[in-house]
Amino acid sequence: MRKLIAFLFLNLLVCAQLQASMGTMWFDRMSQAISQRDYEGTYIIHDDNKLLSYYLQHSNKNNESTERIVQLDEDGIEVISTATAITQLIPHNSEYQSSDIIKTSPFSIFTHLTSEQLTQSYVLKLMPKERICGHQAVVLQLISDKWRNRYKVWIDQQSALPLKVTIMDDFNNVIKEFRFVDLDIKPSGENIELPERKDLSANYSIIKKIKVDQSNNPIAENLPKSPVTWKPANFNLISSGL
């Protein structure tokens, strides 16, 4: 009986390690695909009882990533993002006054972050596969302590692009959700053709250019730099004794 219990325990341990390894592999594939693949489509964001839609184009030429976002609701603002700058184009006659500037697509929260960094604070757990937006998806949960949000990500099994993301609190209440409603993924070697700047300028009167701050990532900013100095957002470190 003891040998059987030990055998079952060992099998469970091996399965848990294998699942964790597969979870980190899928996370790293997704992080790379967001930056390296060419794709376009429409996504929606459900946040604070608001439902907003956007059109997204992403191009990667010569290992240089460019993202174009068009706001389909409200002011119709357009944003062009590169590795070094974000250019915001505001349509003629717009009454846009908000300082809450659209910077990049919400899926970019998973870029500039490796699974090695992530697993310092999160447990990555694979769930049964589902079908999202016409694609077979691997489902990955990011589970942490009560101080940080949880994430559930549906990842396209072929391209490794995120199809849907749900952000939850520690009681699994949904805080925010964003997902593609249609997505065209280009084959390797085929690029998305983005509009020329001169073509865009004819339709916009105000242009704001912002320097990119890659450190502004809601997942990365709360990762512990060490077991001693880490603290949740909005908390003060009182003691660092172990």
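In which sense do strand 3 and strand 4 pair, and over how many bridges? In this predicted model, strand 3 (residues 64-71) runs antiparallel to strand 4, and the pairing extends over four bridges.

**Strand 4 and its neighbours**

Within the pairing of these two strands, valine 70 has glutamate 78 of strand 4 as its bridge partner. The hairpin that strand 3 and strand 4 make has six residues between the strands, and in this hairpin glutamate 74 adopts a positive phi near 55°. Strand 4 also pairs with strand 5, again in the antiparallel sense and over four bridges, and here valine 79 stands opposite glutamine 88 of strand 5. The hairpin formed by strand 4 and strand 5 has three residues between them.

In a regular strand, side chains alternate between the two faces of the sheet. For strand 4 (residues 78-81), both faces are covered: Glu78 and Ile80 lie on one side, Val79 and Ser81 lie on the other, and all of them are buried.

**Aromatic contacts**

| Ring pair | Centre distance | Plane angle | Geometry |
|---|---|---|---|
| Tyrosine 43 and tyrosine 54 | 5.3 Å | 20° | stacked |
| Tyrosine 43 and phenylalanine 107 | 5.7 Å | 80° | edge-to-face |

The pair of tyrosine 43 and tyrosine 54 counts as stacked because its ring planes stand at 20°, and an angle under 30 degrees is what that class requires. The residues of this pair are eleven positions apart, with tyrosine 43 in strand 1 (residues 39-47) and tyrosine 54 in strand 2 (residues 50-61), and both of them are buried.

The pair of tyrosine 43 and phenylalanine 107 is edge-to-face because its planes stand at 80°, where the class asks for an angle over 60. Since tyrosine 43 belongs to strand 1, whereas phenylalanine 107 sits in the loop between strand 5 (85-91) and helix 2 (115-118), this contact ties together parts that are 64 residues apart in sequence. Phenylalanine 107 is buried, as is tyrosine 43.

Ring pairs join Tyr43, Tyr54 and Phe107 with Phe178 and Phe180 into a cluster.

A contact of another kind involves a charged side chain: lysine 164 lies over the face of tryptophan 154, at 4.5 Å from the ring centre.

Key
Residues are numbered from 1 along each chain as its sequence is written. This is a predicted model: local features need pLDDT of at least 70, side-chain atom pairs count only at pLDDT 80 or more; totals for chains, interfaces and linings use all residues. Side-chain values use heavy atoms; hydrogens and water are left out. Rings of Phe, Tyr and Trp (its six-membered ring) pair if their centres lie within 6.5 Å; planes under 30 degrees apart count as stacked, over 60 as edge-to-face and the rest as tilted. Buried means under 20% relative accessible area, exposed over 50%, partly exposed in between (1.4 Å probe, protein chains only). A charge sits over a ring if NZ of Lys or CZ of Arg is within 6 Å of the ring centre and within 35 degrees of the ring normal. Two strands pair if DSSP finds at least two bridges between them.
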